Amino acid sequence: MSAALWAPLVASTAPAAQRFWARWRDFAREILIVVLGVLIALGAQEIVNGWHDQSASAEARANIRAEIAENLGRMAQRDKTRACVDGRLAEIAAFLARAEAGAVQPAMRWIGRPQTWPMQQNRWDAAASAGKASLLTPKEQGDYGAIYANTRDFQANEAVEQLAWAQLRGLADQARVTPQQAALYRQALQNARYAAWLINVNIWQASADAKKLRIKPHTDWVGSRGICIASDTPFEEAVRQTGASQLGEPR
């Protein structure tokens with residue numbers, strides 16, 4: 001067929017084809033605009049979420065570090081009395097040795113007790129329950145968790161220690177003890193020694209871990225120096241020297 005015969009057919013189909021492809025181009029353009037809009041929205045949301053997570057993790061980190069600093073400050077106050085605790089335990093051991101030997105000796109009028117400090121974990125628990133702790137890096141979570149483990153052990157060991165010292169305070173104003181009493185006091189003495197050793201370990205480990213994280217102990221805490229008061233001090237005078245509150249001191 002000659003070109004002259006094809007010409008009318010081509011002329012009649014060209015506008016329809018052009019309209020078809022034009023519609024597809026418009027459709028593709030609209031699809032592209034929608035896709036780009038969705039991608040931009042998702043990207044913006046990711047940025048907003050990233051900012052939010054960064055802010056939340058920074059807040060959790062600051063709160064946790066502040067809480068650890070407060071706990072370390074309390075532990076540091078306890079550590080300042082270590083020599084007094086060891087000295088009083090040695091004094092009690094010597095007293096029991098003389099008593100068991102039948103020696104007549106002046107009674108210890110003041111036994112006292114080591115400091116006892118509550119360890120806080122509220123801010124760590126709040127960050128964990130709100131999902132903010134999980135925003136910290138795995139290393140941070142592990143480092144902070146190790147310190148909190150030591151502060152929890154510290155408080156548990158304090159409770160054991162205070163019970164042992166409650167028994168040891170029974171020696172106050174006693175110039176003689178029976179062999180049966182001496183055995184009980186020696187058991188309490190050993191419990192107090194071991195608890196003190198564990199507490200010293202907790203303080204050392206928590207302080208060493210915190211130092212790596214550049215967390216400094218809170219310095220505003222002031223603990224009782226009652227354990228450092230001489231054992232020949234009358235009870236009422238010793239309580240006055242401790243500056244104890246209206247609750248006083250246990251006998």
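## Helix 2

In helix 2, the buried residues (under 20% relative accessible area, with exposed over 50% and partly exposed in between, using a 1.4 Å probe and protein chains only) are Val 85, Arg 88, Leu 89, Ile 92, Ala 93, Phe 95, Leu 96 and Ala 99. Seen down the helix axis, these residues fall within an arc of 160 degrees, taken from the directions from the axis to the C-beta atoms, so they line one face of helix 2.

This is a predicted model, in which local features need pLDDT of at least 70, side-chain atom pairs count only at pLDDT 80 or more, and totals for chains, interfaces and linings use all residues. Residues are numbered from 1 along each chain as its sequence is written, and side-chain values use heavy atoms, without hydrogens and water.

## Two residues and their contacts

With neighbours within four places in sequence left aside, Tyr 144 is in contact (heavy atoms within 4.5 Å) with residues including Arg 61, Arg 65, Trp 124 and Leu 213.

Glu 161 is found in helix 4 (helices are DSSP runs of H or I, at least four residues, numbered from the N terminus). Glu 161 counts as buried, because its relative accessibility is 0%. Beyond its neighbours within four places in sequence, its contacts include Arg 78, Pro 114 and Gln 115.

Definitions and conventions
Helices (H or I, at least four residues) and strands (E, at least two) are DSSP runs, numbered from the N terminus.
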